[in-house]
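Please examine the structure shown here together with its sequence.

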Amino acid sequence: MTPSDEKSPMPAEDLEDLYENAPCGYLSLQPDGRIIKSNRTLSTWIGIPADKLLGKRLRDLLNMAGRIFYETHFAPLLRMQGHFQEVALDLITVDGTKLAVLANAYEKRNDDGALLFTRVTLFQATERRSYERGLVDARLASDKAEAAMRSELDLEHENAELREQFIAVLGHDLRNPLAAINAGTRMLRKDALSEKSLGVLDMMEGSVVRMSGLIDNVLDFARGRLGNGIGLDRNANDPLEPVLLQVVDELRSSHPGREIEIVSRIVEPVDCDRGRIGQLLSNLVGNALTHGAADLPIRVSAMTNGTSLELWVANGGTPISKNAMARLFHPFFRGEVRVDQEGLGLGLHIASEIARAHDGVLMVTSDPQETRFTFSMPLVDRVN
Amino acid sequence: MSIVSRNNVRVRGHGQRTMIFAHGFGCDQNMWRLVAPAFEADFKTVLFDHVGAGQSDLTAYDAEKYSTLSGYVDDLIEICRELGLTQAVFVGHSVSAMIGVLASLKAPELFESLVLVGPSPRYINDGEYVGGFTAAEIAELLDSLDDNHMGWSASMAPAIMGNADRPELGEELTNSFCRTDPEMAKAFARVTFTSDNRSDLPHVTAGTLILQCRDDIIASEEVGEFVHRSVPNSQLIVLDASGHCPNLSAPGEVISAIRGFL
């Protein structure tokens, strides 16, 4: 700094110039709303000299939409609270184009509360307005996209529900003809038949057992999907063991040539739905028959140990791949099966659902020696 | 939900007769704050907010119901019936003037007289009829509502909170006055400015007072005269007040005109 700088006095702010050439537009309105004074900045922006603005109203500088909004919103607001701030308005310039501004206004009143002036400050807001426009457009676009997605999803849900209802009805309707076939084979068996015919009947009966198992699974799956879940008819009084033995017997007779061993030691009452546990076992053994090595026995064990029931089914053969393991209990998972063995892939899914309904779990271990599915459920005295 | 809380109905004053005040597009029942108290000594006064405005229950907003004036008309009739009003004095500003007219046609027992402040049966010009706006101008208004609500709902609302300058108005009013959900405001603007109720006016049977401001761009003197010519038993008073809201800008004039009429 030089000595001469220190001595020169700060130039005083030129208030007249500040008013006329301020970086914002100024307007003062009389109590009747007519313009009594305005600055040069505003005149420059809109191309109308100050003397031409005298006597006009603020609304005369606006487009029609702005006028309506001003009269219905901002004028009452100003009257009510004495000021408004950050109001978005469009001024109409001398050549008819719109100039976006933000307006603040304050009423100046005397000591008696009588209105002297209303002072209005205007700031250019072209950039800001177009940004806000962009935001509104973006929001509209995103609302629209969301609505479209939602209606697509709703449609998908509706379709899924229809499909599942269809499955439920179909499964139910298949039961009647199957029952007729079953009755028919039993009647034929009473007649004197050749060895060959008896063999065919055996096969037919085996198919009936397998098919009714498939239908049960389909129905349970559809029911579960329709939100009803798997219903249980629990009973702790009747023994579970005979049910399990019968399931194994049926499967043995429908799969001659396959060896199924069962060891059962159920010494405590099991509060379960016996039909469901039978279905679970049937599904697990059915799975072992399909995927296990045909020349190795399938072993079944059912035990109680004071706190839980443990039921497992083991087979030999190729172990389940890691990949398959992750999706094993998903519906319609079919693993790597031969075409002639194709089922719906619902057996393990239903079995795991039955386990869950009994507050139990279904787990699997698989290695080259053995693949074993283990179901365990707690033995709790549900009455107390 | 009760009708009283749905429409934020406030009953004050005492008297054998009842006056019910309805606010127009833009603000809420506080529009009557400088007028209604003057009648509390001799009248029971009823104020309310249209659903979507002020402190009405916004959850009661039904886009379909309020897509025509009849949704608002039904609400007004429900409020009157809930309060057991008959032969009341209806005072309606702006679009609510027409809401009152329609309610009086639908339920003639409710109102013995109507006071219409700045009424307009149709805002858009139509042949010989001068409503004051072209269809394009109204379309521009509806488009521009978005502009203002960007600054309006987010930044404007806090600005309305403080009211240090005019403490007599109280805090509760400034918090909500003129604040409206943007979507509802837009729908209300559409209903208001696209309505056409000219053919209803000749059927009005209640004694009617029309209060017309000078220099009102929303409802011009020409429109006021049209209403006066169309409503059989009507009287037109042109106020000295200018603008669209004499209930705020010239409450004294409005009060004495209504008193003279009653």
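## Confidence and sheet architecture of chain B

Chain B has a mean pLDDT of 84, and 86% of its residues reach 70 or more. For the complex, the predictor gives an ipTM of 0.80 and a pTM of 0.62.

This is a predicted model, in which local features need pLDDT of at least 70 and side-chain atom pairs count only at pLDDT 80 or more, whereas totals for chains, interfaces and linings use all residues. Residues are numbered from 1 along each chain as its sequence is written, while chains are lettered from A and ligands numbered from 1 in the order in which they are written.

Helices (H or I, at least four residues) and strands (E, at least two) are DSSP runs, numbered from the N terminus; two strands pair if DSSP finds at least two bridges between them. In chain B, seven strands form an open sheet of mixed pairing, in the order 1-3-2-4-5-6-7. Strand 1 (10-13) and strand 7 (234-242) of chain B are the edge strands, each pairing on one side only. Strand 5 (residues 111-117) and strand 6 (residues 207-214) of chain B run parallel and are joined by five bridges.

Two helices pack on the sheet, with angles from 0 to 180 degrees between N-to-C directions of axes, lines fitted to C-alpha atoms, for helices over the stretch in contact.

| Helix of chain B | Strands of chain B touched | Angle |
|---|---|---|
| Helix 3 (residues 95-106) | strand 2 (17-22), strand 4 (88-93), strand 5 | about 145 degrees with strand 4 |
| Helix 7 (residues 221-230) | strand 5, strand 6, strand 7 | about 170 degrees with strand 6 |

Methods. pLDDT = per-residue confidence, 0-100. Contact = placed C-beta atoms within 7 Å.
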